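Please keep the sequence and the coordinates at hand while reading.

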Amino acid sequence: MTPENTTNNSADHSTEKTTRRTYEQGFGSMSAVRIAGITYRQLDHWASQGLVRPSLIEAAGSGSRRLYSYNDLVTLRAVKRLLDAGLRLAIIRSVINKLDKEFDTDLASSNLVIDGTTPVLVTSEDELIDLLKNGQGVLNVLPMVSVQQEVDASIIELFPKAAITGSHQKEQQKRHL
C-alpha cells in the first residue's frame, strides 16, 4: 500500500492523509487486530456475528482473507473502548444499530456518556438521549472522536515506511512550489 500524495501544508492534515493510505487495498485481519487493539478471536467473532464486518472483502470460507477499511478500523477501536468502559457486546450492538438507523451517524463520530451500563448520546450541549430507553442520564463521558486519532497513530506505528514516504513526498512537493 502506498501513501496518498499530499499538497496540504498542515502537519495534522498530512498525518491524516498519510495514515489514510490508498484504502481500496484495505487492511488484513492481523493489521486490523493490531491497529484496533483487539484479539483475533474478537475480530473473528464480531465479523461472524455481524457486529463489525469487513466492508472491503468478507471471508468466503476457510482460508479466505478479510479486508477492512479505515472506517472499519475506527469502528473496531470504538467497540473496544466501549467494552473497556464496561458495556456488554449486546448493548454495543444495540447502540450501533440505533445510531445508524435513528440518528444517521456512526459509533466512532459520536460522543457518548456512560451511566453505569447505559450509553447516552450527546447530540448537543443541552441534549442527551438514552440509546436504550430514550431517557436521560449523565456520568462517564466517553468521547469517541479521539478513536480515529488512536487508529491513525497505530497505523503509523505498524507501517512507519508509509509515514516516512508521505512526509518525504510532502517535502518534495514544497520544494517544487
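## The aromatic pair

At 23% relative accessibility, phenylalanine 159 counts as partly exposed, a class that lies between buried (under 20% relative accessible area) and exposed (over 50%), computed with a 1.4 Å probe on protein chains only. Phenylalanine 27, by contrast, is buried, with a relative accessible area of 0%. This is a predicted model, in which local features need pLDDT of at least 70 and side-chain atom pairs count only at pLDDT 80 or more, while totals for chains, interfaces and linings use all residues. Residues are numbered from 1 along each chain as its sequence is written, and side-chain values use heavy atoms, with hydrogens and water left out.

A pair of aromatic rings is described by the distance of the centres and the angle of the planes. Rings of Phe, Tyr and Trp (its six-membered ring) pair if their centres lie within 6.5 Å, and planes under 30 degrees apart count as stacked, over 60 as edge-to-face and the rest as tilted. By this rule there is 1 aromatic pair: the ring centres of phenylalanine 27 and phenylalanine 159 are 6.2 Å apart and their planes stand at 55°, so the pair is tilted. Helices (H or I, at least four residues) and strands (E, at least two) are DSSP runs, numbered from the N terminus.

## Salt bridges

The whole structure holds 6 salt bridges, each being a side-chain nitrogen of Lys or Arg within 4 Å of a carboxyl oxygen of Asp or Glu. One of them joins aspartate 44 and arginine 66 at 2.5 Å, N to O; aspartate 44 lies in helix H3 and arginine 66 in the loop between H3 and H4, so this pair ties together parts that are 22 residues apart in sequence. Aspartate 44 is partly exposed at 30% relative accessibility, whereas arginine 66 is buried at 10%.

Within helix H5, glutamate 102 forms a salt bridge with lysine 98, their closest N and O atoms being 4.0 Å apart, and the two are separated by about one helical turn because they are 4 residues apart in that helix. Glutamate 102 counts as exposed at 53%, while lysine 98 counts as buried at 12%.

## Arginine 77 and its surroundings

Arginine 77, in helix H4 (residues 70–84), meets glutamate 150 in a salt bridge of 3.2 Å, N to O. This pair links helix H4 with helix H6 across 73 residues, and Arg77, Arg81 and Glu150 are linked in a network of salt bridges. Arginine 77 is buried, with a relative accessible area of 15%, and glutamate 150 is partly exposed at 25%. Contacts of arginine 77 (heavy atoms within 4.5 Å) include Ile35, Ala36 and Val151, not counting residues up to four places away in sequence.

## The nonpolar core

A nonpolar core is a set of buried Ala, Val, Leu, Ile, Met, Phe, Trp, Tyr and Cys residues joined through side-chain atoms within 4.5 Å. The largest one has 34 residues, of which Leu73, Leu76, Val79, Leu82, Leu107 and Val151 touch the most other members. Among the elements that each supply at least two residues are helix H2 (29–36), helix H5 (89–102), strand S1 (111–115) and helix H6 (146–158), while H4 gives the most, with 7 residues. Valine 151 touches Ile35, Tyr70, Leu73, Val74 and Arg77, again leaving aside residues up to four places away in sequence.
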